[in-house]
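Colleague: Before I use your labels, I would like to hear what stands behind them. Please take me through the terms one by one.

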Amino acid sequence: MKNLKKRILLVSAAAVGLFFIGVCFFFGLSHFLYSSVEDWVTSRLGLDYYLAQLFSTAIVIALTAIFPMLAWYLIFGKKRFYGALALIGIQAAICLLIYTVGGKVCFDRRTGKPLCWFADTDKGRVWSYTPGFEPESGKPFKLFTREFKDAEEVKSKR
């Protein structure tokens, strides 16, 4: 009888410990997602503090509610196709946000670091969010710095 009580106590303590670790992991993951999304939304989309918080909260709530279900469908479910389509839809929504809301954002709102690259071609200026070469002309993309922007503003005022 004494052994049984000891085992019940150990199993209960282990269950509570695992539950506590799971809760810490879940809240830690949620906090990591929140800060990452808020940083990304502020720097890449150029939203102000309150809109970034609202957007981050909505995204984290949606991800923590939907992600376990999507993972279950993708790994074990018969509806893998729908889970994959949902993930593709999420990625498409992120791309749509970058090219609509964040289309004119060329500098990180928090640090001022340049985010855009450009190449002057025969057809005009081509913009990119990544370095490399312009596909049609082969000209290298240059970083759009604050100094370059200021010099262009001075030229346009003349």
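Colleague: Which residues lie nearest the centre of the largest pocket, and how many line it?

Modeller: In this predicted model, 14 residues line the largest pocket, and V37, I59, L63, I90 and I94 lie nearest its centre. Its volume is about 330 Å³.

Colleague: What makes a residue count as part of that lining?

Modeller: A lining residue has an atom within 4 Å of a point of the pocket. Helix 1 (2-45), helix 2 (49-75) and helix 3 (80-100) each supply at least two such residues.

Colleague: How do the lining residues divide into nonpolar, polar and charged?

Modeller: There are 13 nonpolar residues, one polar and no charged. Val, Leu and Ile are among the types that count as nonpolar, so V37, I59, L63, I90 and I94 belong to that class.

Colleague: Why is I59 called partly exposed?

Modeller: The relative accessible area of I59 is 28%. Buried would require under 20% and exposed over 50%, so I59 falls in between and is called partly exposed.

Colleague: Where is I59 placed, and how far is I59 from V37?

Modeller: I59 is in helix 2. I59 and V37 are 22 residues apart in sequence, with 7.8 Å between their C-alpha atoms.

Colleague: Why do you say that strand 1 and strand 2 pair?

Modeller: Pairing needs at least two bridges. Strand 1 (residues 117-121) and strand 2 (residues 124-128) have five, in the antiparallel sense, so they pair. A119 stands opposite V126 in strand 2, and a hairpin through two residues joins strand 1 to strand 2.

Definitions and conventions:
Residues numbered from 1 in each chain as written. Predicted model: local features only at pLDDT ≥ 70, side-chain atom pairs only at ≥ 80, totals over all residues. Heavy atoms only, no water. 1 Å grid on protein atoms, 1.4 Å probe; cavity = no way out; pocket = protein on both sides within 12 Å on 5 of 7 lines; lining within 4 Å. Points joined across faces, edges and corners; volume = space filled by probe spheres on them. Helix = DSSP H or I, 4+ residues; strand = E, 2+ residues; numbered from the N terminus. Buried < 20%, exposed > 50% of the residue type's maximum accessible area, 1.4 Å probe, protein only.
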